[in-house]
Each structure stands twice: as C-alpha cells, then as structure tokens.
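Subject: Structure handover

Hello,

Here is the structure we spoke about, for your files. My notes on it follow below.

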Amino acid sequence: MTDDWSNERKSSVYFLGDMVNIEASVDVANHLPLSLYVDTCAATLAPDVNSHPRYSFIDQQGCFRDSKLTGSRSSFLPRVQDELLQIQLEPFLFHGDDRHTIYITCHLEAVPISKTDPVKKACSYNNGRWRSVDGDSYVCESCGKDEETSSAKPAAYQSNHKRALKSQTRKKRNDLHKETTLGPFVFLPWKTLKTGNLK
C-alpha cells in the first residue's frame with residue numbers, strides 16, 4: 001500500500017529504512033460481524049512458505065516479534081475497522097544470503113465479534129511492552145511468556161536488519177481461515193544519497 005494507505009503501491013522495491021504497508025481485510029457481507037487476525041506471517045526467498053531460509057515475524061497467533069527481536073519499527077497499526085488489519089514491516093535482508101527477493105505468507109483468521117477468543121490477538125512490542133491494537137493489552141501476556149521460555153536469541157537476530165532462518169507454522173482450515181502469499185518484494189541495502197557541487 002502507499003504511504004497514505006489509499007492505493008496499492010506501484011513499485012515493489014524497498015530499501016532498508018523504508019516501511020512496507022500491508023493491509024488485510026475480510027468481506028463481511030455474508031457473515032455476522034467479524035474481527036480479522038493474523039495468526040502467523042513468514043518471509044521466504046521463494047513462494048513456498050516451507051522453503052528455507054524462512055523467518056517468522058508474526059507467530060503465537062498474533063505476536064509481532066520483529067520489533068522485539070531486532071529493534072525495528074515493524075508493528076500492527078491501531079485497528080480502524082474490526083474486519084481490517086494494517087501492518088507495517090521494516091525491510092530486512094537474510095543473514096548470510098545475498099538474494100533480495102522476498103515473499104511473505106500469512107495465515108489469516110476471522111472470528112465472530114460475538115465470540116470472544118482470548119487466544120486471538122494482534123500485539124506489537126512498543127516502548128518496552130506488548131500492546132494490542134484493540135486496546136486490551138492483557139491478551140498480549142502470552143507473547144511475553146513465550147519469550148521467557150526461550151530467552152536465547154539466534155545470532156542472526158543480533159545483526160542489524162538481518163533475520164533468522166527459522167519458523168514454525170500451524171495451519172487450520174475452514175471458511176474463516178485463509179493462507180495468502182504476497183510478493184515478490186525486492187528489499188535492497190540502504191539507499192545512498194548522491195551529492196554534487198553547488199554552483
């Protein structure tokens with residue numbers, strides 16, 4: 001999406017330091033009111049989500065780990081409609097791999113608003129704490145508990161704008177679940193500014 005979220009972005013080329021705007025929505029015309037969630041999102045260098053290397057930047061049914069693990073600005077944006085989610089992802093490169101073509105595969109789930117599910121969430125790590133796009137940040141507690149059980153970070157996480165090569169994805173299927181793949185995106189190293197002599 002464009003910077004103002006009004007249209008699809010014409011170019012799929014991004015530099016480190018840019019932001020990738022991704023919008024997901026569900027058609028509620030033939031359903032009861034629904035809330036949309038992203039269970040998982042994984043980045044790969046090929047369209048196959050099971051290919052390697054692979055980096056899961058959203059997991060645990062809605063924990064956006066990228067900003068927590070790497071210090072990036074990646075996050076869910078505050079929800080403006082129940083049936084819509086907006087994601088900002090900071091471009092990255094895979095550690096030890098010179099390829100720049102990235103595919104993003106996400107598993108989406110729509111949940112009836114009337115059916116409260118404490119497992120479903122959309123949580124980002126901002127200013128030292130997990131926060132929910134829906135305002136009820138207590139649902140994000142499981143994101144922090146998962147970190148406590150796995151405190152050691154892979155070396156690739158510690159390299160600026162480099163991502164680790166692992167992911168675990170569980171899939172469930174019904175009419176309110178969908179797996180979608182976006183891309184290819186092209187993520188390039190930092191853009192250099194060219195300067196000339198002023199006359």
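Two strands count as paired if DSSP finds at least two bridges between them; strands (E, at least two residues) and helices (H or I, at least four residues) are DSSP runs, numbered from the N terminus. This is a predicted model, in which local features need pLDDT of at least 70 and side-chain atom pairs count only at pLDDT 80 or more, while totals for chains, interfaces and linings use all residues. Residues are numbered from 1 along each chain as its sequence is written, and side-chain values use heavy atoms, with hydrogens and water left out.

The sheet

Eight strands form an open sheet with mixed pairing, in the order β1-β13-β9-β3-β4-β5-β10-β11. The edges are taken by β1 (13-15) and β11, each with a single partner strand, so one side of each has no neighbour in the sheet. In general, strands of a sheet pair through backbone hydrogen bonds, either parallel or antiparallel. The pairing of β9 with β13 is antiparallel and runs over eight bridges.

T101 and its surroundings

T101 belongs to strand β9, which covers residues 101-112. Apart from neighbours within four places in sequence, T101 is in contact (heavy atoms within 4.5 Å) with T44, L45, P184 and F185. T44 is 57 residues from T101 in sequence, and the C-alpha to C-alpha distance between them is 8.5 Å.

Cis peptide bonds

P184, one of those contacts of T101, is found in strand β13 (residues 177-188). The peptide bond leading from G183 to P184 is cis, with omega near 5°. Another cis bond runs from H52 to P53, also with omega near 5°. P53 sits in the loop between β3 (34-44) and β4 (54-59).

Positive phi

Q61 is a residue other than glycine, yet its phi is positive, near 55°. Q61 is placed in the loop between β4 and β5 (63-64), and its relative accessibility of 26% makes it partly exposed. N127, not a glycine either, has a positive phi of about 50°. The loop that holds N127 lies between β10 (123-126) and β11 (129-132). N127 counts as exposed because its relative accessibility is 75%.

Regards

Note on methods:
Buried means under 20% relative accessible area, exposed over 50%, partly exposed in between (1.4 Å probe, protein chains only).
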